[in-house]
Amino acid sequence: MISRLALKYVRDADKNPTALIKEKIEKAKELYQNFGEYFYKDPKFVDLLKKYEKAVEKSNEMMSNMKSFEECYICTVVEKKGCCKIGLETEVTINILLINYFLKKPVPEEREVPGRCFFVGPLGCKLFARPYICRDYFCKRLLEKFDPNEYILLTQVLNEELTLLYQISSYIKNELESLMGEFLLELDITG
Ligand code: SF4
Ligand code: SF4
């Protein structure tokens, strides 16, 4: 028997990437409007949110010091290569969009650069909270540039960030399941 989730993927396969991500953005916005206050009143959730925000800032600072953003800028903007290809926005789940809303970070509503991921801007990715794959992927070019010791430290810092992302995503999912029950299955906020 095909599960409801499997059916959802069959339906989604027919949609173009832009329509799919716009639908996710609308769903995330709706969930934020309906349940934002509920989550903000929960001290455990607020604590997780703050820890995650700090962890992202720490990873970003480290990547900036290691000139990772600078190299990606040259690769993407100057050399017109880059790995943030169109279609990769499917990695951005409703849950991740929701986390951006909870953190009051901007979520783009239109694709700015044709042929690129929906979230690419002139200076790179415009999302604060990003999917796992976007945070722990380092291409050969970057790995050759990094100091090996700094890279080990960076993987530790990123590990902390991604563990928090997992914890906060699971927390949101569980809370929404208890608030919305079966209905959440249709939304599939982690896909
Ligand atoms: S990760 Fe590598 S391929 Fe992707 S934009 Fe950065 S330098 Fe380019
Ligand atoms: S880093 Fe940002 S722009 Fe690049 S693929 Fe991920 S979400 Fe898209």
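Q: How far should helix 3 (residues 43-65) span, and how far apart are its end C-alpha atoms?
A: Helix 3 has 23 residues, and at 1.5 Å a residue it should span 33 Å; its end C-alpha atoms are 33 Å apart, so the two agree. The expected span is 1.5 Å times one less than the number of residues, and a helix here is a DSSP run of H or I with at least four residues, numbered from the N terminus. By the way, this is a predicted model, where local features need pLDDT of at least 70, side-chain atom pairs count only at pLDDT 80 or more, and totals for chains, interfaces and linings use all residues. Residues are numbered from 1 along each chain as its sequence is written, while chains are lettered from A and ligands numbered from 1 in the order in which they are written.

Q: Why is G87 called partly exposed?
A: G87 has 14 C-beta neighbours inside 10 Å, so it counts as partly exposed. The cut-offs are 20 or more other C-beta atoms within 10 Å for buried, 12 or fewer for exposed, and partly exposed in between, with C-beta atoms placed from the backbone. G87 sits in the loop between helix 4 and helix 5.

Q: Which residues of helix 3 are buried, and what covers them?
A: L48, L49, Y52, V56, S59 and M63 are buried. Their cover includes helix 4, helix 5 (94-102) and helix 8 (148-180).

Q: What makes a set of residues a nonpolar core, and which members touch the most others in the largest one?
A: A core is a set of buried Ala, Val, Leu, Ile, Met, Phe, Trp, Tyr and Cys residues joined through C-beta atoms within 7 Å. The largest has 25 residues, and L97, L98 and I168 touch the most other members. Helix 5 gives the most to this core, with 6 residues.

Q: Which residues does L98 touch, leaving out those up to four places away in sequence?
A: L98 touches A28, L31, Y32 and I172; contact takes C-beta atoms, placed from the backbone, within 7 Å.

Q: What puts a residue around ligand 1, and which helix gives the most?
A: The C-beta atom, placed from the backbone, has to lie within 6 Å of the molecule. E71, C72 and K81 are among the residues around ligand 1, and helix 4 gives the most to this shell, with 4 residues.

Q: How many residues of each class are in the shell around ligand 2?
A: That shell has 9 nonpolar, no polar and 2 charged residues. Ala, Val, Leu, Ile, Met, Phe, Trp, Tyr, Cys and Pro count as nonpolar, Asp, Glu, Lys and Arg as charged, and the others, Gly among them, as polar.

Terms used
Helices (H or I, at least four residues) and strands (E, at least two) are DSSP runs, numbered from the N terminus. Two residues are in contact if their C-beta atoms, placed from the backbone, lie within 7 Å.
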